[in-house]
Amino acid sequence: MPKKAVWLIIIFTLLFILGINSGELKFIQNLGNTICLSCIGVG
Amino acid sequence: MGRLRTLVQTLVAFGTNAYLLFPFGGSLIYQGSLKAVCHPGLNCYSCPGALLSCPVGAFQNFLASIRFRAPGAIPHPGVIVVGYLGFIGTMVGRLPCGWLCPFGFIQDLLHKIPVRKFSLWEPLRWVKYGVLAVLVVILPLWLVDSSGLGSPWFCKLLCPAGTLEGALPLILLKPSLWATLGFYFWNKVTILTLLLILIIFISRPFCRMLCPLGAFYSLFTRMTLVHLEFIEGNCVECGACAHKCPTGVKPAQEFDSPECIMCLKCLDACQFRALQFGIRRPLAPEKKRRVSPP
C-alpha cells in the first residue's frame, strides 16, 4: 500500500472526525432541510 | 462491467433521491436525519426527492458563513466535507464520477442518443480547476454582505444539477416561487440548456470542463489506493481503450490521468489484459516512469 495514500487517509479521517465533533454535521443537516434559493436562482 | 455500472448508477440515482412524499402533502423537500450526510456525487439537496446533501453546496455554505458576524455564531470551516471528500478521493479517486454521480448518469444516458459525436478541445479540461478555486472557494469567502455572509456562487451562477434537479421541479411544485425568479435563474436555465445539447454530441462535457467535485477528486488520482494498472508488455497499441474512454483518456499513454473516472470501459475493451484494476502497489523508483512515449 502506498505510504502517501495511507497518510492522506489518516489526515482526512482526522479532519472528518474534527468536523463531526465541532458540530458541522448539524450545520449540514440544517442546510439540507431548507430549500436552497441559490440553487433555484432566486435573486 | 458496463451493465453492472449502469445498474449501480440507476440504484444510486434513484436510491438517493427516493423521498416520494413531496406530492402527497409531505414537506416539499426531505428534512430527515439523512440530510446530514453528503452525497459522494453532484446531487442537488433541493431536489424534492433528495435524501442526502450536496457536498459542493455544503462546502460553499461553510465558507460563506465563516465571516458571519452574529451573536453566538460559531464559524465552521467545513473540515467535515474536506475530510469526507478527501477520504473518498484518496481511496478511489474519481470513481464516484463514473459510478455514483446522478448528474454523470444523466450525461451518460443523454450521450446515447445516436448522432455524430465530437471530441472535447483538451485545454478546456483545466477550466474545472478555475471553477473549483473561484466559484467554490474564493467568491463564497470573499464576496460577503454587511453581516459577513457570503453566497454559494457555484450553485448561484452555474450548477446545472441544481437547475435540473432542484429549481425546475421546485418551481413546478410551488408556483409562488415564479415571482422571485430573476437573472440568476434564467442564466442557469440557459447554461443547462446549452449543456444538455452539448452532452448529446460530446461525452461527459460537464465532468470534463466544469465540475468542481471532479476537479477536487482528480487532485488525488496519482496517489489513490485503487487504480488502473497498465501492463506495458501486454499492450499491442490497438487503441481500443482510448476509443472507448468517455473522458478522452488514452490509458496506455496517460497513466493515472486526472480525467479518468474509473468507469472501467477500457478494461472491458482491452482484449490483451494490458489494464488491471486493483490496489496500487508501491513501485520501485526505476519502475515509476511507466508512461510510454506517444
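The model is predicted. Chain A comprises three helices and zero strands, while chain B is divided into domain 1 (2-218) and domain 2 (226-287). The residues examined individually are A:Q29, which is partly exposed, and B:A161, which is buried.

**Chain A**

- The secondary structure of chain A reads α-α-α along the sequence, with three helices and zero strands in total.
- Along the principal axes, a box of roughly 50 × 20 × 15 Å holds the C-alpha atoms of chain A.
- Chain A has 43 residues, of which 37% are buried.

**Residue A:Q29**

- Helix α2 of chain A, covering residues 24-32, contains A:Q29.
- A:Q29 counts as partly exposed because 18 C-beta neighbours fall inside 10 Å, and a residue needs 20 or more to be buried.
- Once neighbours within four places in sequence are set aside, the contacts of A:Q29 are with B:S33, B:K35 and B:A36.
- A:G41 is 12 residues from A:Q29 in sequence, and the C-alpha atoms of these two residues are 21 Å apart in space.

**Domains of chain B**

- Domain 1 of chain B spans 2-218 and domain 2 spans 226-287.
- The centres of domain 1 and domain 2 of chain B, taken over C-alpha atoms, are separated by 29 Å.
- Contact between the domains of chain B involves 17 residues of domain 1 and 12 residues of domain 2.
- On the side of domain 1 of chain B that touches domain 2 of chain B, at least two residues are supplied by each of α1 (2-15), α3 (79-92), α4 (95-99) and α10 (205-209) of chain B.
- Helix α4(B) provides the largest share of that side of domain 1, namely three residues.
- By residue class, the side of domain 1 of chain B that touches domain 2 of chain B consists of six nonpolar, six polar and five charged residues.

**Residue B:A161**

- B:A161 belongs to helix α8 of chain B, which covers residues 160-173.
- B:A161 is classed as buried because 27 C-beta neighbours lie inside 10 Å, where 20 or more are required.
- Apart from neighbours within four places in sequence, B:A161 is in contact with B:L42, B:N43, B:C44 and B:F103.
- B:G86 is 75 residues from B:A161 along the chain, and 22 Å separate the C-alpha atoms of the two residues.

Methods
Residues are numbered from 1 along each chain as its sequence is written. Chains are lettered from A and ligands numbered from 1 in the order in which they are written. This is a predicted model: local features need pLDDT of at least 70, side-chain atom pairs count only at pLDDT 80 or more; totals for chains, interfaces and linings use all residues. Domain bounds come from an automatic or database domain assignment. Two residues are in contact if their C-beta atoms, placed from the backbone, lie within 7 Å. Helices (H or I, at least four residues) and strands (E, at least two) are DSSP runs, numbered from the N terminus. Ala, Val, Leu, Ile, Met, Phe, Trp, Tyr, Cys and Pro count as nonpolar, Asp, Glu, Lys and Arg as charged, and the others, Gly among them, as polar. A residue is buried if 20 or more other C-beta atoms lie within 10 Å of its own, exposed if 12 or fewer, and partly exposed in between; C-beta atoms are placed from the backbone.
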